[in-house]
Amino acid sequence: MKKTFVRRFATLAVASSLLGAATTSCVGDLDRDPFNEVTSDVVYSDPANYKPILAKLYAGLALSGQTGPSGKPDLSGVDEGFSNYIRQYWSIQELPTDEAVIAWGDDGLQDYHLMNWTANNPFIRSMYNRIFYQITACNEYIRETKDDKLSSRNITGANLASIKNYRAEARFLRALSYYHALDLFGKPPFADENDQIGNFTPRQISRAELFNYIESELKAIETELVDARQNEYARVDKAAAWMLLAKLYLNAEVYTGTARNTDAVTYASKVIGAGYTLQTAATAKSSAYGRNFLADNNTSPEMIFPVAFDGDFTKGYGGTTFIIHASVGGDMPAAAFGVDGGWGGTRTTRALFNLFPDTAADRRGRFFTKGQNLDINNLTEFKDGLGVVKFKNVKSDGTVGKNLVFPDTDFPMFRLADAYLMYAEAVLRGGTGGSRAQALTYINALRSRAFANGGGTISDAQLTLDFILDERGRELHWEGHRRTDLIRFKKFTTASYLWPWKGGVKEGRAVSENLNVFPIPSTDLVANPNLTQNTGY
């Protein structure tokens, strides 16, 4: 089931390269007949081509180019392996926080820990470029699937209905990338399907205006997407849109200055009511919680929107290939993680470890300690910091994924546990339409799964906002949420929470508030005179 749509990632290379040929074949040679008669109009004239091209948009999150594992990258000017969307998103969300450090000394990478990044940082630029590559690809697909275009191609009936569903999915994927741009860069450039292709410099959009745009897009497609849990695995549906709306509203005060917690309760409730359930079945080889991060996590009933990976069909050096390989080093046995070797990169700090007072009881707190130092004296020494045992290329029955280099493990962009936590937080922040009692029920459902014999449940008096932030760290660590969470709780830059090496000193320190958003890369500022830099850079 999982592999059906993933296989189309291979097909997308054909479709996309054909479109690329259509736009480049006449450059510098205008007097010759066309080299290739395959144009956008030809490709889009066949209804059968719309799904493979849609696959390109999904693959934009998982793959780095037109052939795997490398060779024809989507982005130039950066190592192709580094340029992968999930790899860059994971890094920019985790490495500046208490949850992760990395040993590598690539130019600009340690800036995430030191919090001294600038507009010239190559990793920030790579994330920015990947986001806008994805948005551009989505814009083109949406442009080519407008109603008048479909009508002019005489596409009707079931084909028309299917393509309209595909278009709604493309609008969701664009909204997701714009959400990442909103969260990371504040006031990015903006273009949609109505803007001209070619010599065009996009305008800059304010953070509040982009918030409104994302909200309007998600609400517009809410009825056009396939019902929750009815689409192919790893394709978005109504629940994915509700989940992104819940995230947008939970962070609304950061983005616009106005809290929208009641809306966050409303949309988290929609997700929770859609029929997803927590994975509660343990196996002899894995805890129930741990099964969400294994090579067969496509079977988890709490997956709402994963980015799918497959050892045969999504070969690249980003995504879960990066997350798993980079986390293995020192004395850690690579075979236990289902891979052929470790890259000796990522570990965690004492701060995350301390969120688990009893790692024996809480099965979410799994750390590799042999040969590792709890305290970090040298950020570039792999053995300083504890290994995190979470993502593996091993199935629930203990067998290994099909490829020791490229894991089958999917990245859980959205899963039900996050909806539970968002509901509880929004209620505690004053959102109406939910109840504190229900919030406690959801939190205790997560903790009952995590602890043997229900030992982890908490009382109403223990349910506070600070507890929820800690619980998000315990439940969702290394899933790409931490930076956004710390900013929402006003702990990312302030002295209210210090972790090892925050701000570039071992004991941690407060840093400038402007670091809550990243700078617009200097390369784009030069290229686009419509842009101005974020404050403080």
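Student: At what angle do helix H10 and helix H12 pack, and how far apart are their axes?
Tutor: Quick note: this is a predicted model, where local features need pLDDT of at least 70, side-chain atom pairs count only at pLDDT 80 or more, and totals for chains, interfaces and linings use all residues. Residues are numbered from 1 along each chain as its sequence is written, and side-chain values use heavy atoms, with hydrogens and water left out. H10 covers residues 238–250 and H12 covers residues 261–272; their axes are 8 Å apart and the packing angle is about 155°.

Student: Is that roughly parallel or roughly antiparallel?
Tutor: Angles under 35 degrees count as roughly parallel, over 145 as roughly antiparallel, 65 to 115 as roughly perpendicular and the rest as oblique. With an angle of about 155°, H10 is therefore, relative to H12, roughly antiparallel.

Student: Which residues of H12 does H10 meet?
Tutor: Contact here means heavy atoms within 4.5 Å. From H10, the residues involved are Ala239, Trp242, Met243, Leu245, Ala246, Tyr249 and Leu250. Across from them in H12 sit Asn261, Asp263, Ala264, Tyr267, Ala268, Lys270 and Val271.

Student: Is asparagine 121 buried or exposed?
Tutor: Asparagine 121 is in the loop between helix H5 (111–114) and helix H6 (122–144). The cut-offs are under 20% relative accessible area for buried, over 50% for exposed, and partly exposed in between (1.4 Å probe, protein chains only). Asparagine 121 has 2% relative accessibility, so it counts as buried.

Student: Which residue has its backbone nitrogen 3.0 Å from a polar atom of the asparagine 121 side chain?
Tutor: Leaving aside neighbours within four places in sequence, asparagine 121 is in contact with Gly108 and Asp111. The backbone nitrogen at 3.0 Å from its side chain belongs to isoleucine 124.

Student: What does isoleucine 86 touch, not counting residues up to four places away in sequence?
Tutor: Isoleucine 86 is in helix H4 (residues 85–94), and at 1% relative accessibility it counts as buried. On that count, its partners are Leu61, Val307, Gly319, Phe411 and Met413.

Student: Which side chain makes a polar contact with the side chain of arginine 488?
Tutor: Arginine 488 is found in helix H18 (residues 482–488) and counts as buried at 6% relative accessibility. A polar contact is a pair of N or O atoms within 3.5 Å; within protein, one must be able to donate a hydrogen and the other to accept it, and residues adjacent in sequence count only if both atoms are side-chain atoms. At 2.5 Å, the partner is glutamate 425.

Notes. Axes fitted to C-alpha atoms, helices over the stretch in contact; angles between N-to-C directions. Helix = DSSP H or I, 4+ residues; strand = E, 2+ residues; numbered from the N terminus.
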